Structure formats: C-alpha cells, structure tokens
Amino acid sequence: MGSPGTAAKPRKQDRANEGEGSVPLAEWVAAACGAVVMLVTLACLGWLAIHERDGLVDPAVHVVTIERRGERYHVKLRVENQGGAAAAGLRVQAQLRRGDAVVEEAEVEFDHVPAHAHRTAGMFFRNDPRQASLELSVRSYRQP
Amino acid sequence: MEHRIALDRRANLKFAQGLMRAFAGAVIFGLPILMTQEMWSLPFHMSALRLALLIALFFPFLVALSWHVGFEETFSLTDDALDALVAFLVGFVASGVVLLLLGQLEPDEGLREFLGKVSLQAVPASIGALLAQSQFGQVDADARMRGGREEYFSELFIMAVGALFLAFNVAPTEEVLIISQRLGGLLTLLLALATLLTMHALVYGAAFRGQPLDHVHAPWWSVFARYTVVGYAISILLCAFLLWTFGRLDAMPVPVAMAAVVVLAFPAAVGAASARLVL
C-alpha cells in the first residue's frame with residue numbers, strides 16, 4: 001500500500017470500476033492546502049532570511065501593569081525586540097528612584113527574545129512603584 | 001496520464017481514512033523529537049535561509065519516498081507529488097497540534113518561532129505520515145516496496161531515508177557535540193570503524209526481510225564496497241548537512257566538525273543499514 005494519498009486511491013482490483021488515474025477530490029483539496037502551507041513557509045523563511053541579514057538586537061522595555069499583591073507590588077513588564085537579530089540572556093534592570101536616591105532595585109533575565117518578538121516578565125517591589133519613578137533599562141544580552 | 005477527479009463518496013472516505021492513518025504515523029514518528037527541548041529552541045537561533053533550504057530540498061525527497069513506498073507499478077509524478085504535499089500538510093498540522101498541546105506554541109510567538117518550530121518538526125513527521133501506510137496498513141509483501149528490489153539506487157535511497165530519520169532525531173541534541181568532544185581523535189576513529197562494521201553486519205549478516213537477493217549471493221567485499229561504504233558515505237553527507245543546517249558546525253575547525261559528524265553518523269548508519277527493517 002502507499003502513502004496517505006495512495007491509500008485513498010483505489011486499489012488495483014477496484015480500478016476497473018473507478019477508472020485509471022482518478023484522484024479523490026478530497027486528496028486534491030488536501031494537496032492544495034499542503035502546497036499553500038509549503039509555499040507560504042518557504043516565502044516567509046525567505047523573507048526572514050533577507051530581513052535578518054546583518055540584523056541587530058534592538059530591545060525596548062516598558063511597564064504593562066502595576067498592581068498590589070499583599071505586601072508587595074507586582075510590576076509586569078514587556079520587552080520587545082524590534083531588531084532583526086535574536087538575543088539570549090537579555091537582562092533588564094529596574095530602579096525605583098525618589099529624587100536622586102535609589103529606593104529599590106530589581107533585575108530579570110529573559111532566556112530568549114527572538115527577532116521581532118516580545119516577551120513578558122514580572123518583578124516584585126516592597127515600595128509602591130507608582131509613588132516613585134520606575135526606571136527600566138536593558139543591560140546586556142548574549143548572542144544565541 | 002489523465003487525472004480525473006473522483007467525486008464518489010467511497011473514494012473520498014477512503015482518502016479520509018488514509019489521512020487518519022497518516023496523522024497517526026506523523027505523531028508516532030514525530031513524538032521523540034517533538035518532546036526534545038533543543039528542537040524548541042533551535043528555530044530561535046538557526047538561520048532562516050538554512051531552514052528554507054532544508055524544506056526545499058526535503059520536498060523532492062518526500063516525492064521520491066512516496067514513489068518508493070507507493071503501490072502502483074507505474075511512475076506518476078503527479079500522484080507522488082500529491083502524496084508528498086498531503087504528507088507535508090499532515091506533518092505540519094500534526095506537529096503544530098502536538099506542540100500546542102505540549103505548551104510549546106504560545107500565543108505571543110513571533111512568525112519566526114512559529115514557522116521555525118512547526119516546519120522543522122514537520123520534516124520527520126511528514127516522513128512518518130508517508131510511511132504510515134507501510135507501517136500500519138495491511139501489507140502485501142510483494143507489492144509493498146516499489147522500485148524493484150534489485151535496483152541499486154533504490155536501495156541506496158532507502159538507506160538515505162533510514163539515515164535521515166535517525167540522524168534527525170539525534171542531530172539537534174547537545175549530546176552529539178558533548179560526545180565528540182569527549183572522545184578525542186583515536187576513539188572517534190574507532191567509532192567510525194565500529195560503525196562501518198555494525199553497518200555491514202546489518203546489511204550483509206542479518207537477513208532482514210526485504211533484503212535484496214544480491215546481498216546473499218554476492219561476495220562480502222562486493223556488498224561491503226557497494227552498500228556498506230556507499231551507505232556510510234551517504235550517512236556522513238546527510239549528517240554534515242543536518243548539523244550545518246542546525247548551526248551546530250558554525251565557527252568550528254574542520255577536524256572538530258568532522259568528529260561531530262562521525263558521532264552523528266553512528267546512529268545514521270545504523271538507521272541506513274536497518275532501513276529495510278523499519279520502512
């Protein structure tokens with residue numbers, strides 16, 4: 001017997017009734033879907049290959065939400081890599097400042113931030129970040 | 001040949017049944033690699049161009065495989081291309097669904113990650129989809145394999161399928177590089193020799209079903225030169241291509257890269273030699 005397609009095709013002994021070389025409509029439809037998936041995949045990969053050439057890591061980080069959880073304050077942040085190259089071990093540092101004084105610090109590391117993609121993470125503070133100025137900065141990354 | 005479209009319910013139902021079997025094959029063949037961590041992170045850093053090249057080269061390979069496991073005597077490019085396209089679709093969808101179930105496809109996944117993960121996994125899965133019939137279907141021993149048992153290149157192609165399948169399951173893992181670094185030159189050479197011996201024992205000694213008659217009648221050195229050595233060379237080339245595609249050989253001096261290729265060629269060669277048993 002054959003592949004998924006050939007399975008559906010009439011076996012030799014059935015051929016007399018169904019005619020040589022007839023392919024079920026369902027197989028044509030499935031094959032057309034397969035062709036679309038393969039061509040779209042190749043086109044997208046080609047597009048990525050062109051746009052990622054000499055790509056740079058270009059991360060931007062911003063706060064999504066700040067909410068109180070019991071005694072602590074939870075800050076959800078989102079890092080967006082707008083560049084064409086992926087980053088590994090991307091470290092984001094946060095500082096809570098009141099005037100010149102640093103009240104609290106926190107740091108988070110993202111394992112992987114692909115090109116043109118975003119990742120989210122959370123940080124906890126004892127002080128309310130809304131009552132102070134929260135400064136976020138991307139510190140370092142590795143090439144994957 | 002004229003390809004008429006069969007509209008009757010029976011033919012379409014049979015096709016749907018075949019499709020189910022193909023999904024089962026895709027999942028079974030794909031699962032080991034779908035649950036390998038390196039495969040989830042590979043698409044994140046591997047070159048999009050190399051992945052595109054892998055998929056573009058893989059398609060004619062699927063068409064050829066479809067012809068080899070197919071049922072009909074005659075060669076019809078349309079039939080085999082259709083089968084290969086369906087198999088790729090099944091492999092793609094099956095990989096996507098399993099990755100989704102395993103929590104490896106997040107909604108905030110970028111295009112690169114989504115495409116990379118799913119299309120890379122679709123490669124072994126679509127081999128599984130295509131082979132599902134010869135694995136699970138009722139097999140007529142004589143009609144099972146096409147291309148003629150005596151056909152030398154057909155035999156080599158089946159070896160390449162076996163090599164590709166096993167190598168694909170091992171190539172993405174860190175272990176290949178770890179083993180090659182630990183072995184050192186002498187042990188790597190020994191591994192290469194042991195691989196050749198194992199391969200020859202499987203090709204020549206163990207009388208697997210579907211073994212060409214030629215293997216039984218020809219002297220050992222003839223089989224060694226025509227099947228074992230050529231099969232090993234095919235395995236080496238496929239392994240080098242896979243490791244290069246996965247970016248495992250980047251920034252590596254040639255001897256170190258070669259050691260990694262030899263390590264991967266061990267499972268690949270075993271796959272090549274026993275392909276007749278599995279396929």
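## Helices 9 and 10 of chain B

In this predicted model, helix 9 (residues 220–245) of chain B packs against helix 10 (residues 254–273) of chain B, with an angle of about 125 degrees between the two and a separation of 8 Å between their axes. Because angles from 65 to 115 degrees count as roughly perpendicular and those over 145 as roughly antiparallel, that value makes helix 9 of chain B oblique to helix 10 of chain B. The crossing in which helix 9 of chain B passes helix 10 of chain B is right-handed.

On the side of helix 9 of chain B, the residues that meet helix 10 of chain B are Gly231(B), Tyr232(B), Ile234(B), Ser235(B), Ile236(B), Leu238(B), Cys239(B), Ala240(B) and Leu243(B). Their counterparts in helix 10 of chain B are Ala260(B), Val261(B), Leu264(B), Ala265(B), Ala268(B), Ala269(B), Ala272(B) and Ala273(B). Sorted by class, this contact comprises 15 nonpolar and two polar residues, with no charged residues.

## Helix 3 of chain A

Helix 3 of chain A, which covers residues 25–51, contains 27 residues, and the distance from its first C-alpha to its last is 39 Å, close to the 39 Å expected at 1.5 Å a residue. The buried residues in helix 3 of chain A are Ala26(A), Glu27(A), Ala30(A), Ala31(A), Gly34(A), Val37(A), Met38(A), Thr41(A), Leu45(A) and Leu48(A).

From helix 3 of chain A, the residues taking part are Glu27(A), Ala30(A), Ala31(A), Cys33(A), Gly34(A), Ala35(A), Val37(A) and Met38(A), which meet Leu82(B), Leu85(B), Val86(B), Phe88(B), Leu89(B) and Phe92(B) in helix 4 of chain B. By class, the contact between these helices has twelve nonpolar residues, together with one polar and one charged. Several of the residues from chain A named here, including Glu27(A), Ala30(A), Gly34(A) and Met38(A), are buried.

## Chain B as a whole

Chain B is built from eleven helices and one strand, and along the sequence these elements follow the pattern β-α-α-α-α-α-α-α-α-α-α-α. Of its 279 residues, 48% count as buried. When contacts in chain B between residues at least 6 apart in sequence are considered, 86% of them join residues at least 24 apart.

Methods. Residues numbered from 1 in each chain as written. Chains lettered and ligands numbered in written order. Predicted model: local features only at pLDDT ≥ 70, side-chain atom pairs only at ≥ 80, totals over all residues. Helix = DSSP H or I, 4+ residues; strand = E, 2+ residues; numbered from the N terminus. Expected span 1.5 Å × (residues − 1). Buried ≥ 20, exposed ≤ 12 C-beta atoms within 10 Å, placed from the backbone. Axes fitted to C-alpha atoms, helices over the stretch in contact; angles between N-to-C directions. Parallel < 35°, antiparallel > 145°, perpendicular 65-115°, else oblique. Left-handed = near helix turned anticlockwise from the far one by under 90°. Contact = placed C-beta atoms within 7 Å. Nonpolar A, V, L, I, M, F, W, Y, C, P; charged D, E, K, R; others polar.
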